[in-house]
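Let us read a protein model feature by feature.

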Amino acid sequence: MDAMQYSPLALAFIGDGVYEIRVREKLILEANMPADKLHKLTVERVCAEYQAKAVRKWLDEGLLNEQEMDIFKRGRNAKGINAPKHSTVGEYRMATGLECLFGFLYLTGREERIGELFEAAWSVGSINE
């Protein structure tokens, strides 16, 4: 599959859903908790600040191959990204890059790779740590 046939924002739209499903699945399977706590933890893990922290870990540890890095950069540099008030532009761009990469990996059938990157992202802990 040629990633260039899809806009980075289209890939990010798909990747956002893939990432959020992974977060919800992990929280539901690993913890028996009230719905309000589940929702709070989900919101924390899907926010741009958390995703940016996860991407920094990927970059620091060299976890992305060349193709994945290209897709991430396309997402991060996509036109039309406007950060919401609760995020910095840099954090939001990093999060969009993560989502673009997850969308690409999903469309190319690389579920195992999504799982590897997701687990690395999950291991960064709370955004307040």
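This is a predicted model: local features need pLDDT of at least 70, side-chain atom pairs count only at pLDDT 80 or more; totals for chains, interfaces and linings use all residues.

Q: How many helices and strands does the protein chain have?

A: Start with the secondary structure. The protein chain has six helices and zero strands. In sequence order the pattern is α-α-α-α-α-α.

Q: What share of the protein chain counts as buried?

A: Buried has a cut-off here: under 20% relative accessible area. Of the 129 residues, 43% count as buried.

Q: How do helix 4 and helix 5 cross?

A: Take the two axes, then the approach and the angle. Helix 4 covers residues 66-76, and its axis comes within 7 Å of the axis of helix 5. The two axes cross at roughly 130°. That angle makes helix 4 oblique to helix 5. The reason lies in the cut-offs: over 145 degrees would count as roughly antiparallel, and 65 to 115 as roughly perpendicular.

Q: Is the crossing of helix 4 and helix 5 left-handed or right-handed?

A: The crossing of helix 4 and helix 5 is right-handed.

Q: Is Leu 11 buried or exposed?

A: Read the relative accessible area. Leu 11 has a value of 0%, so it is buried. This residue lies in helix 1. Now compare sequence with space. Leu 11 and Phe 104 are 93 residues apart along the chain. Their C-alpha atoms are 5.9 Å apart.

Q: Where does Leu 9 lie, and how accessible is Leu 9?

A: Leu 9 also belongs to helix 1. Its relative accessible area is 36%, so Leu 9 counts as partly exposed. Leu 9 and Arg 74 are 65 residues apart in sequence. From C-alpha to C-alpha they are separated by 9.2 Å.

Q: Which residues of helix 3 can I read in this way?

A: Gln 51 and Ala 54 are among them. Gln 51 has a relative accessible area of 1%, so it is buried. Ala 54 is at 0% relative accessibility and therefore counts as buried. Gln 51 and Gly 97 are 46 residues apart along the chain, with C-alpha atoms separated by 9.3 Å. For Ala 54 and Val 124, the sequence gap is 70 residues and the C-alpha distance is 6.2 Å.

Q: Why can charged side chains pair?

A: Opposite charges can pair when the charged atoms come close. The cut-off used here is 4 Å, from a side-chain nitrogen of Lys or Arg to a carboxyl oxygen of Asp or Glu. By this rule there are seven salt bridges.

Q: Which residue forms a salt bridge with Lys 26?

A: Lys 26 pairs with Glu 119, and the closest N and O atoms are 3.2 Å apart. The pair links distant parts of the chain, 93 residues apart. Lys 26 is in helix 1 (residues 8-30), while Glu 119 is in helix 6 (residues 111-122). Check the accessibility of each partner. Lys 26 is at 13%, so it counts as buried. Glu 119 is at 40%, so it counts as partly exposed.

Q: How far apart in helix 3 are Glu 61 and Lys 57?

A: Count along the helix. Glu 61 and Lys 57 are four residues apart in helix 3 (residues 48-61), about one turn. They form a salt bridge, with the closest N and O atoms 3.8 Å apart. Glu 61 is partly exposed because its relative accessible area is 48%.

Q: What joins Glu 116 and Arg 113?

A: Their side chains meet in a salt bridge, at 3.0 Å from N to O. Glu 116 and Arg 113 are three residues apart in helix 6, so about one helical turn separates them. Glu 116 has a relative accessible area of 39%, so it is partly exposed. Next, look for shared partners. Salt bridges join Glu 68, Arg 113 and Glu 116 into one network.

Q: Which residues make the nonpolar surface patch of about 270 Å²?

A: Tyr 6, Tyr 106 and Leu 107 make the patch. Leu 107 is found in helix 5, which covers residues 89-107. At 34% relative accessibility, Leu 107 counts as partly exposed.

Notes
Residues are numbered from 1 along each chain as its sequence is written. Side-chain values use heavy atoms; hydrogens and water are left out. Patches are made of residues with over 30% relative accessible area and no salt bridge: like charges are joined within 9 Å, nonpolar side chains (Val, Leu, Ile, Met, Phe, Trp, Tyr) within 5 Å. Accessible areas come from the Shrake-Rupley method with a 1.4 Å probe; for residues, only the protein chains shown count as cover. Helices (H or I, at least four residues) and strands (E, at least two) are DSSP runs, numbered from the N terminus. Buried means under 20% relative accessible area, exposed over 50%, partly exposed in between (1.4 Å probe, protein chains only). Axes are lines fitted to C-alpha atoms, for helices over the stretch in contact, and angles run from 0 to 180 degrees between N-to-C directions. Angles under 35 degrees count as roughly parallel, over 145 as roughly antiparallel, 65 to 115 as roughly perpendicular and the rest as oblique. A crossing is left-handed if the near helix is turned anticlockwise from the far one by less than a right angle, and right-handed if clockwise.
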